[in-house]
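Please look through the sequence and the model shown here before reading on. The paragraphs that follow begin with single helices, pass to the sheet and the core, and finish with the aromatic rings.

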Amino acid sequence: MTHKPGPNEWGLSRKAIMTACEGSLRRLKTDVIDLYQVHMQDRNVAIDETLRALDDLVTEGKVRYIGCANYAGYSLVESLWAADRLQTHRYESIQLQWSLVRRSAERELISAAAAFGLGVLVWSPLSRGFLSGKYQRGRPAPAGSRLDVHQDDFRAFDNEKNWNLLDVVGRIAEQHETTHSAVSLAWLLARPHTSSIIVGARTEAQLEDNLRALSVKLTSEDLKELDEASRPDWDYPWDVLRNAEAGDAQLLT
């Protein structure tokens, strides 16, 4: 789009959805889209309007299934409840960011997807390449790399916890005679709720490196080490719930 979008040219209004879908069908030169996902929640549009528009696309045969991406946990569940109430087609998948470095999706979204039977499509599984092994403690990002271009992200990743995590990933990679990327992706593939992983390889070599994950069989000890090294430091209510589940909850007055 070469001009500033108008109020109905983006977001999840009925007009925006219908226009966007027709554009996708035209560009793809197809009559039907297998999975049509909305890119992000839109708090300016009632979820009922969004779901009815998407439901029409399914009933018209233009879309087979619908999904969402980048939703907060409350919005995902609200959408599923609304679909049940309206008797429309519901989201069958959620696309979200998930990796050893960024595990915040586990706080709400992964549990919600499991509870309601949604597929989970993972984006940025290597955290902009940070988990590929090309970055080193105490050194700047390699020139031309993704985190050289996105210095804010590199600064966010540049902490002792993440470097220690990379040490663990590297050690496990050596044991399996494979690469950092393969181990990091294999960890995601071993998660029971992962349906598919979206990789962002820029070269054939990177793609081949990513595909090695398919042959890596992490042991239970490997998974435990990776889980511990990457464990998020969550606070309330997860600290209380974790302690309760471990039998260490204190009596509240």
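The expected span of a helix is 1.5 Å times one less than its number of residues, while helices (H or I, at least four residues) and strands (E, at least two) are DSSP runs, numbered from the N terminus. Helix H1, with 15 residues, reaches 21 Å from its first C-alpha to its last, close to the 21 Å expected at 1.5 Å a residue.

This is a predicted model, in which local features need pLDDT of at least 70 and side-chain atom pairs count only at pLDDT 80 or more, whereas totals for chains, interfaces and linings use all residues. Residues are numbered from 1 along each chain as its sequence is written, and side-chain values use heavy atoms, with hydrogens and water left out.

Taken as a whole, the protein chain contains 11 helices and five strands, and its C-alpha atoms fill a box of roughly 55 × 55 × 35 Å, taken along the principal axes. Buried means under 20% relative accessible area, exposed over 50%, and partly exposed in between (1.4 Å probe, protein chains only); of the 253 residues of the protein chain, 43% count as buried. Contact means heavy atoms within 4.5 Å, and among contacts between residues at least 6 apart in sequence, 75% join residues at least 24 apart.

In H1 the buried residues are Ala16, Ile17, Met18, Cys21, Gly23, Ser24 and Leu25, and they pack against S1, H2 and S2. Just after H1, lysine 29 takes a positive phi of about 55°. In H2 the buried residues are Ile47, Thr50, Leu51, Ala53, Leu54, Asp55, Leu57 and Val58, and their packing partners are helix H1 (14-28), strand S1 (33-38), strand S2 (63-69), helix H3 (73-86) and strand S3 (91-97). After H2 comes glycine 61, whose phi is also positive, near 80°.

How are the strands arranged? Five of them form an open sheet in the order S1-S2-S3-S4-S5, with parallel pairing, where two strands pair if DSSP finds at least two bridges between them. The edge strands are S1 and strand S5 (196-197), each of which pairs on one side only. S2 and S3 run parallel and are joined by three bridges, and cysteine 68 stands opposite isoleucine 94 in S3. S4 and S5 pair in the parallel sense over two bridges, and here valine 122 stands opposite isoleucine 197 in S5. Five of the seven residues of S3 are buried, so this strand is largely enclosed by the rest of the structure. Helix H4 (residues 109-116) lies across S3 and S4 and runs at about 160° to S3, an angle taken between N-to-C directions on a scale from 0 to 180 degrees, with axes that are lines fitted to C-alpha atoms, for helices over the stretch in contact.

In soluble globular proteins, nonpolar side chains tend to be buried together. A nonpolar core is a set of buried Ala, Val, Leu, Ile, Met, Phe, Trp, Tyr and Cys residues joined through side-chain atoms within 4.5 Å, and the largest one here has 63 residues, those with the most contacts inside it being Tyr71, Leu76, Tyr91, Ile94 and Leu226. H7 gives the most to this core, with seven residues. Phenylalanine 130 lies in the loop between strand S4 (119-123) and helix H5 (146-149) and tryptophan 163 in helix H7 (residues 160-175), so the pair ties together parts that are 33 residues apart in sequence. Phenylalanine 130 counts as buried at 0% relative accessibility, as does tryptophan 163 at 3%. Tryptophan 234 and tryptophan 238 form another tilted pair, 6.3 Å centre to centre and with 55° between the planes; tryptophan 234 is buried, with a relative accessible area of 16%, whereas tryptophan 238 is partly exposed at 23%. Finally, Phe130, Tyr135, Phe157 and Trp163 form one aromatic cluster.

Definitions and conventions
Rings of Phe, Tyr and Trp (its six-membered ring) pair if their centres lie within 6.5 Å; planes under 30 degrees apart count as stacked, over 60 as edge-to-face and the rest as tilted.
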